[in-house]
Amino acid sequence: MPARNQQQWKEVPGKLKPGEYVDSRIYSDKKIFEEELVKIWKNVWVPVCHESELDKPYDFRTVTISREPVIVVRGTDNQVRAFLNVCPHRGNMIENRPSGSFENGTPSGAPKHMTCMFHAWQFDMKGNCVHISRSKEGYQDRLDCKDVGLRRLRCEVKYGGFVWVTLNDKIEHSVEEWAQGSFDCMQKALDAEPLEVFHYHKAIIPCNYKLWHDTNSEFYHDYLHYHNRITGFNDSYFARQNKVFDNGHVNVGSFEVQYDNYEGFESREELSFPHLPANHWEMIDLFPGMNFNLRGSALRVDLMTPLGPDKVMIEYRGLGLKSDTPEERLTRQRHHNSIWGPFGRNLHEDLIAVSTQQSTMNEWADERRILHGRYEGETIHDEVGMRHFYDEWGKWMDRWPGDPELSYNEGLRKAA
Ligand code: FES
Ligand SMILES: [Fe+2]
């Protein structure tokens, strides 16, 4: 087949069917992006941080979900709670720091309270308002503390101590119901003993969040990763099975990584996570943009915060066991960072790939087909994970991923 003219370039190549490709506009269109925030991201559970980042009562962390500012705090009863980080008075953001503790006072903050610096209203760790400055003088009996608590958010600590928050008060599912069995492959390993974050970095990447999720959920791109080819690409690698779950989640099945095949690397056997066979590698891709990646001795968790059609903030956490000795911790960090740290073997390769993908799908480019049509018995180079994700995406968005101008049902009818 010779190179194609403009018309041919836009056509579906070969015998690929609807559902086996998506339209590039879903990665670049501003309207679609805004819709995703409202229809999807405001209605799902998001693992905003890990409980070890809120080690003691009064520890807090601030995040955003779908542009809404959120604060999570540990109460004096040790419970972790989540609130909108918005003052009920005139809407100031209550806490601006990314993390810290309310235990000690600051020039504009009372000890053991969340204090809004604007007019000094104070809130306890349960989100109750406990002080309105010069309340009686200004409000007489028309407003008091009980009328102006913070907006609490549903929050669960689950799966190895992650703090899950949703903006949707009416969400039908618990986190476990939402995950639909996708954590079965690693739950025993995550819950055997307390975990602790040993690595954190975040990066703002010029790509659509779905491109990052795609690269986490397809392994055909291991051609990009020299390390993965050298330590995998044997019979057991090619037999790895993908498994799909309701709600758009996917597992990538395990196999034994041959770390010794890569010069300078060593077996992860000694520090394997509890219940994980030596040097094995389990992975969960959760709809719409979180990834739990357990590779021998280290757990990596990616959380995406979509910032624009071509911009995503990704937070990367590395976790080990809280009971690690300092030497064990150092070894885990080395194992984690040598592959996934900012200067690791694989991470920058993925980042270059998704950024250059996005650069060809900018808002001015002609739309084209992005192919997800590999079938190999749902094994590792089968693109079933992406197909499963985009089918779910289509339902939430009521858009057909292969032609986002069609509703989901119109697309289905066309595909039939
Ligand atoms: S805006 Fe928070 S106290 Fe006024
Ligand atoms: Fe990769």
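Guide: Two strands pair if DSSP finds at least two bridges between them. Strands are DSSP runs of at least two residues, labelled E and numbered from the N terminus. This is a predicted model, where local features need pLDDT of at least 70, side-chain atom pairs count only at pLDDT 80 or more, and totals for chains, interfaces and linings use all residues. Residues are numbered from 1 along each chain as its sequence is written, and chains are lettered from A and ligands numbered from 1 in the order in which they are written.

Visitor: Why are E13 and E14 called paired?

Guide: E13 and strand E14 (residues 249-252) share 4 bridges, in the antiparallel sense. The rule asks for at least two, so they pair. In one bridge, Phe245 partners His249 of E14.

Visitor: What lies between E13 and E14 in the hairpin?

Guide: There are 3 residues between them. Asn247, in the turn, has a positive phi of about 70 degrees.

Visitor: Which side chains of E13 (residues 242-245) are buried?

Guide: Buried means that 20 or more other C-beta atoms, placed from the backbone, lie within 10 Å of the residue's own. Asn242 and Val244 are buried and point to one face.

Visitor: What makes the domains two?

Guide: The bounds come from an automatic or database domain assignment. That gives domain 1 (46-156) and domain 2 (182-397).

Methods: Buried ≥ 20, exposed ≤ 12 C-beta atoms within 10 Å, placed from the backbone.
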